[in-house]
Amino acid sequence: MSFIEKMLKIDRRIIFLLIALAVIIPMLLNLVFVVRPSPIVQTIFDKVDGLPDGSKVLLSFDYGPATVPENRPMAESLLRHCMIKGHRTYIMAVWATGEAEANISIGRVIRTEFPDKVYGSDYIQLGYKAGNQGLINAIFTDFKGMYTTDAAGVDINSFPMMADVNALPDFDLILAVCSGKPGLKEWVQFAGDRGDIPVAGGVTAVEAPLLYPYYPKQLLGLMGGLQGAAEYEAALVNEYPEYRASSMTAVKLMGPQTVAHLVIIFFVIIGNVAFFIQQRREKRARRE
Amino acid sequence: MRREIPLLITFIVGTALVVALFIPHHPFPELDGEFSIWFDIIAVFAFILGGGNLLKVHIDRIQRRHRDRFFSAVTIVGFLGTLIIGLLKFGGSPGLKGNYIADSNAASVYTVADIKDPEALVRKVNAGHDPVSQYLKGNLSASTLEMADRIEGGASMPDPARTQFIDELAKALVEDLNVVLTGGSIFDERRFAGVKLDRETRAMIANPGAGHEEGIRLNRRLLQSAYPDEINPSHGTTWFRVIYNGIFVPLGATMFSLLAFFVASASYRAFRAKTREATVLLIAAFIILIGRTPLGYYLTFWLPEPLQFLHIPNLSAWILSAPNLAGQRAIMIGIALGIIATSLKLILGIERGYLGHEK
Amino acid sequence: MGFTDYFVLWVGGLLTLMIFSFLYKDNPFYKFAEHLFVGVSAAYWMTVAFWTTLVPNMLGYLYPPILRWFATSRAEGEVVVNVLYQLPWYDRWLRLIPLILGLMMLTRLVPKAAWMSRWAMAFIIGFAAGTNLTRYLQSDFVAQIKATLVPLIVFDQGGFSLGGTLTNIVIVGGVLSALVYFFFAKEHKGWFGGTARVGIWVLMIAFGAAFGYTVMARISLLIGRMNFLGQWLQSIF
């Protein structure tokens, strides 16, 4: 077999190894680039930053362990920002795994960096309820009809921050960190458009291009994948540099991400070059 | 009859929900809300159905001595094990109370749940017969002491008001105690002379940790030792949460991460620019792949002002918000029309496939 | 680190390697991990749905004293029970309907009684169809048309904006031509076919962006897993 033929029939395990190295080596070398926020992410930052202190922000954790590398930095940055600004943050989940992820993020962000925040006055963990878009539909008209208690089973009306929340339109902003269905699309359809409530959030990179038709009128901003998370972290650090240490999760992972992207592009080019050389050889052979 | 009633149900529910959008008056918003809650509850039964079906399929495999029956057994053990652990709330608070997914609270500040008997606790502290109670009394706020005096005064309260009062007393106590918990070690030989301390607490006193968390951990143990009947012991992490962190998360995350390897392999072996359209697709993909990383900035930041639109991050942002938006919007409109038509057909009973083919 | 932390780290690490072993070849370790995942994840969602929704929103309404088990302390449990008892009895007993429908749904597992599950399915389908119709019509159809009605000649801060104009022309032209491409009732010939061809190009760019983003997503998840493996190895050495 000629060299080109060998190249085209290469064992895919070698490709696996190369992509693994493309990820591991930059991580070992601690390659970190500067990330700059793009307009579609900056609008979310500006909205959260511009809300008056004490605004009511709903933060929905709609993802599972599979997409934690992309979604967790987004969720934690949003949570951190809300705590910095003193917004009343209502944490819920439309995915069963979202409740567990929210607990993890509350521990990592609020209990670690903002220990003086009071549960029930500054933030509340409402937890998961089954029903997907049925849940969003139910809480749109009667929030406390579904959430009769918080996630720990305590009566909902015993929390000061729940006093003026009766339906979704009472919220000043809905933020959702999602990875599929039900997700940001359902939030836009069943909450944002229905009640004219500002909706923004983050999704995995797979979903992001599909949500662009909603931007900017129905979805005021969108974080797409790890890059989106890194951009929000960068925007946060630009405005509040004292949070740099804890806001580097996604930014740090952009190094290996960049290298891996280049390797994939290289694979596609090499594959195509080899293919076209092969085609030309076959054409020549047929002519002879 | 067996097919007519379901069709009728679909028609009534679907029509009510559509009409509710246009008639925002009683009874439609209430109907909308109530139907939504019913939907959410039935969704839980759908999960139970899924679980039951899973068991059925895998038990069947074992009975038919299928080649992979050992692995079916693994699925069944994993399923039943997680289910029992979650439903019986193993670990965590004793009994069935408490959060099924609670984290250990041994190093957290108190919540109302931690005070087993607020009335008895406040009586003991107020009486101040032992050194610990005297110390705590000195750290209670004025309003808490006032509430304590109301209890001492023997004021009798009818039941709903009494429960509420105890509730508020517990909250006030928790607030004061948390100041004590977070204010540094409360251990003093003489203060805790009459209190029975277990071996682990003594070990912690001998080797106090440096962190804030260690301090709270020790103080919690000390207070619980001093008031075993009034304060609940700390609970550990529930086994369900451990299963989530140790089994569910690694399995789920790794399964998805395998896809990266396959995407790389497919890019090399299958992605061929055989037509002009495919080439356009590839070029757009390349610009996005580079533009969505910091490298995109470094490659073209030197471009002069009039050519800034060719700056790769700008170019990739433009591709996303113009041609990509247009294409995705057309697809979205097409899908929306399909869903609207199908929904109408389902409500009107024209589309009956969901009923199955039995008589 | 406590026992549970070691358990999570070690079991997690081993299971990760078992799944990765699939890259070399399909093997029993991978099969074991995969089957374990199926069982655990089904039970996880069932348990969470049970404790978060079935107990407080259905069983609690039908028989409030059950919630004393779920509450965090006796005092707080009492408050929840009292609140529920203040509702009129018919409001609470209305929750019998979803209970019955739900149980009917479970009959799907029993072939002889499976016809009952159609009633529950009918409710689910009716709800989904009813809500989807209105929501897709508003958000994915009318709102999308509205958002495409943008000026074709854009003026920015007094002067003519080439970028803005070009963008809007691409958006309007792109949406229209892609929609023409999807219209298969008329043959794609002549000017109609020409427009459809432009539509294909627009769609190709959209798919290219989607491919780029998909690659990005997959790589991110791999990086996350490698990060975890790195931490695991660090804790050993």
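Reader: What makes α2(C) count as mostly covered?

Author: In this predicted model, 25 of the 35 residues of α2(C) are buried. Buried means under 20% relative accessible area, exposed over 50%, partly exposed in between (1.4 Å probe, protein chains only). Local features need pLDDT of at least 70, side-chain atom pairs count only at pLDDT 80 or more, and totals for chains, interfaces and linings use all residues. Residues are numbered from 1 along each chain as written, chains are lettered from A in the order written, and side-chain values use heavy atoms, without hydrogens and water.

Reader: How do you know what span to expect for helix α2 of chain C?

Author: The expected span is 1.5 Å times one less than the number of residues. Helix α2 of chain C, residues 28–62, has 35 residues, so 51 Å is expected. Its first and last C-alpha are 47 Å apart, close to that value. A helix here is a DSSP run (H or I, at least four residues), numbered from the N terminus.

Reader: What is meant by a kink at C:L54?

Author: The bend is the angle between axes fitted to the seven residues ending at a residue and the seven starting there. At C:L54 the kink is about 50°.

Reader: Why is B:D60 said to form a salt bridge with B:R64?

Author: A salt bridge needs a side-chain nitrogen of Lys or Arg within 4 Å of a carboxyl oxygen of Asp or Glu. The closest N and O atoms of B:D60 and B:R64 are 3.2 Å apart, so the pair qualifies. B:D60 is partly exposed at 34% relative accessible area. B:R64 is exposed at 53%.

Reader: Which parts of chain B does the salt bridge of B:K124 and B:E230 link?

Author: The closest N and O atoms of this pair are 3.3 Å apart. B:K124 lies in helix α4 (residues 118–127), and B:E230 in the loop between α9 (212–226) and α10 (239–269). The two residues are 106 residues apart.

Reader: Why is A:L29 called exposed?

Author: A:L29 has a relative accessible area of 61%, so it passes the cut-off for exposed. A:L29 sits in helix α2 (residues 12–29) of chain A.
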